[in-house]
Amino acid sequence: QVQLVESGGGLVQPGGSLRLSCAASGLTFSRYAMSWYRQAPGKERELVATITRADGTTDYLDSVKGRFTISRDSAKNTVYLQMNSLKPEDTAVYYCSARSYSYQYWGQGTQVTVSS
């Protein structure tokens with residue numbers, strides 16, 4: 001029943017921007033912390049950004065601080081990741097995740113490629 005559907009990925013030039021969206025359905029959106037993860041070829045999956053369910057506190061991977069912004073729109077049951085000043089090192093499949101104390105759900109991922 002739970003679905004997380006990512007969109008907004010694509011090919012961009014270094015220094016460019018993308019906004020990823022994750023539309024959630026089948027869950028009570030306000031009760032879940034929402035996160036973005038990414039996995040680059042040959043590397044482990046890493047947590048990129050999180051926004052809490054309580055007060056909207058955000059946390060970021062050190063390498064994306066100041067460049068990426070996570071936000072959520074409760075009316076649309078959607079979480080966003082605004083990515084600015086993109087670097088080739090940001091190339092990865094980006095996954096949306098919803099987590100509570102007991103459960104974690106995953107989207108199917110969207111490809112982000114940063115290349116000249």
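Residues 24 or more positions apart supply 54% of the contacts in the protein chain with a separation of 6 or more, where contact means heavy atoms within 4.5 Å. The model is predicted, so local features require pLDDT of at least 70 and side-chain atom pairs pLDDT 80 or more, whereas totals for chains, interfaces and linings use all residues. Residues are numbered from 1 along each chain as its sequence is written, and side-chain values use heavy atoms, with hydrogens and water left out.

The protein chain contains zero helices and 11 strands. Both element types are DSSP runs numbered from the N terminus, with helices (H or I) needing at least four residues and strands (E) at least two. The order of elements from the N terminus is β-β-β-β-β-β-β-β-β-β-β. The radius of gyration of the protein chain is 13 Å, close to the 13 Å that the globule rule gives for 116 residues, so the chain is as compact as a globular protein of that length. This radius is taken over C-alpha atoms, and the globule rule is 2.2 Å times the number of residues to the power 0.38. Along the principal axes, the C-alpha atoms fill a box of roughly 40 × 25 × 25 Å. Of the 116 residues, 38% count as buried. Buried means under 20% relative accessible area, exposed means over 50%, and partly exposed lies in between (1.4 Å probe, protein chains only).

An open sheet is formed by four strands in the order β1-β3-β8-β7, with antiparallel pairing. Two strands pair if DSSP finds at least two bridges between them. β1 (3-7) and β7 stand at the edges with a single partner strand each, so one side of each has no neighbour in the sheet. From one strand to the next, the twist averages 15°. β1 and β3 are antiparallel and share five bridges. Q3 has S25 in β3 as its bridge partner. β7 and β8 are also paired in the antiparallel sense, over six bridges. Here T69 stands opposite Q82 in β8.

β7 and β8 form a hairpin with four residues between them. N77 lies in the loop between β7 (68-73) and β8 (78-83). The phi of N77 is near 50°, a positive value in a residue other than glycine. N77 is partly exposed, at a relative accessible area of 25%. S85 also has a positive phi, of about 50°, although S85 is not a glycine. S85 lies in the loop between β8 and β9 (92-99). The relative accessibility of S85 is 41%, so this residue counts as partly exposed. For context, most residues other than glycine have a negative phi.

The structure holds one disulfide, defined as a pair of cysteine sulfur atoms within 2.5 Å. C22 and C96 form the bond, with their sulfur atoms 2.0 Å apart. The pair links distant parts of the chain, with C22 in strand β3 (residues 18-25) and C96 in strand β9, 74 residues apart. The torsion about the S-S bond of C22 and C96 is about -80°, so the disulfide is left-handed. Both cysteines, C22 and C96, are buried.

Four salt bridges are found in a search of the whole structure. A salt bridge is a side-chain nitrogen of Lys or Arg within 4 Å of a carboxyl oxygen of Asp or Glu. The side chains of R38 and E46 form one, at 2.8 Å from N to O. R38 is buried, with a relative accessible area of 6%. E46 has 30% relative accessibility, so E46 counts as partly exposed. R38 also forms a salt bridge with D90, where the closest N and O atoms are 3.0 Å apart. This pair links distant parts of the chain, with R38 in strand β4 (residues 33-39) and D90 in the loop between β8 and β9, 52 residues apart. Another salt bridge joins the side chains of R67 and D90, at 2.8 Å from N to O. R67 lies in the loop between β6 (58-60) and β7 and D90 in the loop between β8 and β9, so the pair ties together parts 23 residues apart in sequence. Both R67 and D90 are buried. Through shared partners, salt bridges join R38, E46, R67 and D90 into one network.

Key:
Axes fitted to C-alpha atoms, helices over the stretch in contact; angles between N-to-C directions.
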